[in-house]
Amino acid sequence: MIRKHYQKLVAAIYDPFMKSLEKVLTEHRRGLLQKTSGIVLEVGAGTGVNFPLYPKDVEVFAIEPSVPMYKRAVKAAENYPNIRVFNIGIEAVKNYPELPKTFDFVTSMLVLCTVPDPQQAAGVYRDVLKSNGQLLVLEHIHATGRFYGKIQNLVNPVWRPLTDGCNLNRRQDWILKKAGFNPLFEDYFSLGTDWYKAVMVTEN
Ligand SMILES: C[S@@+](CC[C@H](N)C(=O)[O-])C[C@H]1O[C@@H](n2cnc3c(N)ncnc32)[C@H](O)[C@@H]1O
C-alpha cells in the first residue's frame, strides 16, 4: 500500500524533475531513436518520454513494471498507434505471449540503473535481439572522477530508496560489454557535475 503511493508520487514528479536535464538528454534520445526500424522493444518506458522521438513506421513494444508509470505511458501512447505498452518488467519479456520473440532493436534509457539485476537484464537484451539487431543505450553511470565517484557512493544508500531503486554508482557500459555486447559507437558526456552519461549503439 505504502509502495503503491510512493510509486505514484515518483511517477508524478518524474517529468518535472527531469525537465532541466532533458534539455541535453532529448537530443541524445532523438539521435538514438531515429536509428530504429522494424520491431522495437523499449525497456522501462517510464512516462513515455521517448514515444514522440521514434520514426512513425516502427512498431514499438514498450514495457514498464511500475503501475503509475505504466498508466502515464499508456496515456502518452494514445497519440502513437505504432506504440503498445505492457505492464511487465524485463524479467518477464521472454515468456510474455503478447510480445514478439525477437526484436530488431532494444532501447534502454535510464533503466539499467534501476533494474534489480542488470546482468540478468543484459542477458535478456541479448536473447531477444535478432542476430543482426542493435541495442541502443542512454544510461547514467558512476562518475569517473574520484571525488564525484566517492560522493555518489556515499549518497547512493539514501538516493536509491528515494528514487524507486535508481543506483548512482553502476557501470552499465561495463556490464553490457561483459554480457558480450560489442559497441559500434560509444560516447560519454557529463552534465556539468561529472554525472557521466553513456551512449552506446551495440551489435548483438
Ligand atoms: C529512471 S526511469 C527511466 C524512464 C525512461 N526510460 C526515461 O528514459 O525517462 C527507470 C524506469 O525503469 C523502470 N524499471 C524498473 N525496474 C525495471 C525492470 N525490472 N524492467 C523494466 N523496467 C524497469 C522503472 O519503473 C522506471 O520507469
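Visitor: Which residues is Val93 in contact with, leaving aside its neighbours within four places in sequence?
Guide: Val93 touches Leu41, Ile63, Ile88, Leu99, Val124 and Val128, where contact means heavy atoms within 4.5 Å. The model is predicted, so local features need pLDDT of at least 70 and side-chain atom pairs count only at pLDDT 80 or more, while totals for chains, interfaces and linings use all residues. Residues are numbered from 1 along each chain as its sequence is written, and side-chain values use heavy atoms, with hydrogens and water left out.

Visitor: What makes a set of residues a nonpolar core?
Guide: The members must be buried Ala, Val, Leu, Ile, Met, Phe, Trp, Tyr or Cys residues, joined through side-chain atoms within 4.5 Å. Buried means under 20% relative accessible area, exposed over 50%, and partly exposed in between, with a 1.4 Å probe and protein chains only. The largest core here has 26 residues, and Leu41, Ile63, Ile90, Val93, Tyr125 and Leu176 touch the most other members.

Visitor: Which elements each supply at least two residues of this core?
Guide: They are strands S1 (39-43), S2 (59-63), S4 (103-109) and S5 (129-140), with helices H3 (118-128) and H5 (172-178). H3 gives the most, with 5 residues. Helices (H or I, at least four residues) and strands (E, at least two) are DSSP runs, numbered from the N terminus. A second, separate core of 25 residues includes Leu25, Leu32, Val40 and Tyr54.

Visitor: Why is the pair Glu22 and Arg29 called a salt bridge?
Guide: The term requires a side-chain nitrogen of Lys or Arg within 4 Å of a carboxyl oxygen of Asp or Glu. Glu22 and Arg29 meet at 2.7 Å, N to O, so the pair qualifies. It is one of 8 salt bridges in the structure.

Visitor: Are Glu22 and Arg29 buried or exposed?
Guide: Glu22 has a relative accessible area of 12% and is therefore buried. Arg29, at 2%, counts as buried too.

Visitor: How do you know that Glu98 forms a salt bridge with Arg84?
Guide: Their closest N and O atoms are 3.8 Å apart, so the pair meets the cut-off. Glu98 lies in the loop between strand S3 (83-86) and S4, and Arg84 in strand S3, 14 residues apart. Glu98, at 46% relative accessibility, counts as partly exposed, as does Arg84 at 39%.

Visitor: What makes Lys177 and Glu186 partly exposed?
Guide: Lys177 has 34% relative accessibility and Glu186 has 33%, so both fall in the intermediate class. These two residues form a salt bridge, with the closest N and O atoms 3.0 Å apart.
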